[in-house]
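Here is a short briefing on one protein model. Look over the sequence and the structure first, then read the points below.

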Amino acid sequence: MASFDLAVAPYSCCFHVSSPKPRSHSVLMSHPPKPSLGMRAQGLGISETFTDLRSQGRVAFIPYITAGDPDLSTTAKALKLLDCCGADIIELGLPYNDPVLDGPVIQASNKRALASKTNMEAVISMLKEVVPQISCPIVMFSYYNLILARRSEWFLSALEDAGVKGLIVPDLPFEESADLRREAAKKNVDVVLLATPTTTKRKMKAISDASEGFIYLVSSAGVTGERDTVNRQVQFLLKEIKEKTAKPVAVGFGISKPEHVKQVSNTIDLHLSSLVSEINTSKILLQLSLWGADGVIVGSAIVKLLGEANSTEEGLKHVESFVASLTAALPHGDHGLGEEHVSSFILPQRRKLWQGLPSASSSSLHLHH
């Protein structure tokens with residue numbers, strides 16, 4: 001079994017002693033800090049993580065990286081770095097030779113990972129060493145052919161043995177996912193389902209009911225990648241999904257800048273202008289997700305920094321700096337507001353906000369029926 005050097009010196013590690021999960025404050029240390037008893041306990045599942053975040057008034061930061069890009073030793077270090085810099089869940093891509101749903105940045109990362117001889121067995125071996133040393137759950141992103149090639153029972157057992165908490169299969173149609181979801185449940189692996197701007201209302205309800213852990217809302221139809229703006233239809237889609245389910249919803253495919261993170265999770269819009277005089281602005285910024293997102297997923301921008309750097313150390317330093325800028329844009333739990341306050345304060349204000357929005361069906365941005 002390969003041994004992975006998990007020391008992350010000489011770059012610093014984002015760490016804030018007063019926050020249950022570090023965000024955006026760095027101190028120089030030779031190794032990432034081990035989570036203390038005051039931090040989130042290791043081994044929490046995805047649903048429990050979102051419950052924990054909600055009780056702290058926080059939106060989940062979910063970075064994506066490709067396993068083995070540029071090599072598995074770097075991946076091991078990156079997982080540790082992301083964990084101590086504020087990741088709440090990490091999405092880890094299993095490299096594939098035909099990633100048709102990914103944009104050029106992640107396609108290139110898959111090529112680099114495959115060139116370094118990365119395969120499922122090696123990734124599982126690395127995760128068995130790394131997962132016990134990090135506090136946030138790992139969600140594996142895998143194309144369906146990689147699962148079929150090894151049989152789903154073996155694949156899911158390997159994920160369970162490695163401590164992986166969730167699985168995303170982007171090219172598996174929802175209508176054909178029941179068997180995999182049933183097998184995954186036996187292995188304590190949450191199958192996270194995707195919804196898109198073109199998903200019908202009826203199918204959206206079915207996906208919301210069936211998805212485990214959270215619902216992955218794709219912000220734009222098409223392949224993954226960085227975009228200059230976030231599709232405003234997401235605002236209406238989040239409203240509709242949350243009218244149907246209490247499950248967390250994370251937005252991905254195109255979140256790449258701090259202003260995107262704020263836009264989907266934590267800004268004041270004109271619809272809130274009438275509330276500003278009644279409600280403490282800092283509490284709104286802390287607690288209220290304007291569009292209702294419970295998490296934001298950032299992939300291509302991080303993959304590009306890590307995979308295209310001149311060295312591992314340079315790539316990790318760039319990722320640390322970039323992640324700090326993104327997590328700083330998310331609501332923090334610094335005010336220590338409990339879950340009772342979150343439900344009594346945030347939900348009524350979100351309802352007021354949503355009541356001021358036109359319905360998706362009455363706007364030019366609508367779901368297909």
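Over residues 255-289, pLDDT stays under 50, and the model has 94 contacts beyond four places in sequence for this stretch. This is a predicted model. Its mean pLDDT is 74, and 64% of the residues reach 70 or more.

**Confidence**

**Aromatic pairs**

- A pair of aromatic rings is described by two things: the distance of the centres and the angle of the planes.
- The structure holds four aromatic pairs.
- One of them joins Phe50 and Phe214, with 5.6 Å from centre to centre and 50° between the planes, and it is tilted.
- This pair links distant parts of the chain, 164 residues apart.
- Phe50 sits in helix α1 (residues 46-55), and Phe214 sits in the loop between α8 (201-210) and β9 (215-218).
- Both Phe50 and Phe214 are buried.
- Tyr64 and Phe141 form another pair: their ring centres are 5.8 Å apart and their planes are at 80°, so the pair is edge-to-face.
- Tyr64 belongs to strand β3 (residues 60-66) and Phe141 to strand β5 (residues 138-141), 77 residues apart.
- Tyr64 counts as buried because its relative accessibility is 5%, under the 20% cut-off.
- Phe141 has 4% relative accessibility, so Phe141 counts as buried too.
- Ring pairs link Tyr64, Phe141, Tyr96 and Tyr143 into a cluster.

- Thr118 lies in the loop between α3 (104-115) and α4.
- Its relative accessible area is 7%, so Thr118 is buried.
- A polar atom of the Thr118 side chain lies 3.0 Å from the backbone oxygen of Ala113.
- The Thr118 side chain also makes a polar contact with the side chain of Ser116, at 3.1 Å.
- Leaving out residues up to four places away in sequence, Thr118 touches Ala67, Gly68, Leu72, Pro95, Ala113 and Val123.

**Helix α4**

- At the start of α4, a side-chain oxygen of Asn119 reaches to within 3.3 Å of the backbone nitrogen of Glu121.
- Helix α4 covers residues 120-130, and its buried residues include Met120, Val123, Ile124, Leu127 and Val130.
- Ser125 and Met126 are buried in α4 as well.
- An α-helix has 3.6 residues a turn, so residues three or four places apart point the same way.
- The buried residues of α4 are covered by elements including α2 (72-84), β4 (90-93), β5, α5 (144-150) and α6 (152-162).

Technical notes:
Residues are numbered from 1 along each chain as its sequence is written. Side-chain values use heavy atoms; hydrogens and water are left out. Rings of Phe, Tyr and Trp (its six-membered ring) pair if their centres lie within 6.5 Å; planes under 30 degrees apart count as stacked, over 60 as edge-to-face and the rest as tilted. Helices (H or I, at least four residues) and strands (E, at least two) are DSSP runs, numbered from the N terminus. Buried means under 20% relative accessible area, exposed over 50%, partly exposed in between (1.4 Å probe, protein chains only). Contact means heavy atoms within 4.5 Å. A polar contact is a pair of N or O atoms within 3.5 Å; within protein, one must be able to donate a hydrogen and the other to accept it, and residues adjacent in sequence count only if both atoms are side-chain atoms. pLDDT is the predictor's confidence in each residue, from 0 to 100.
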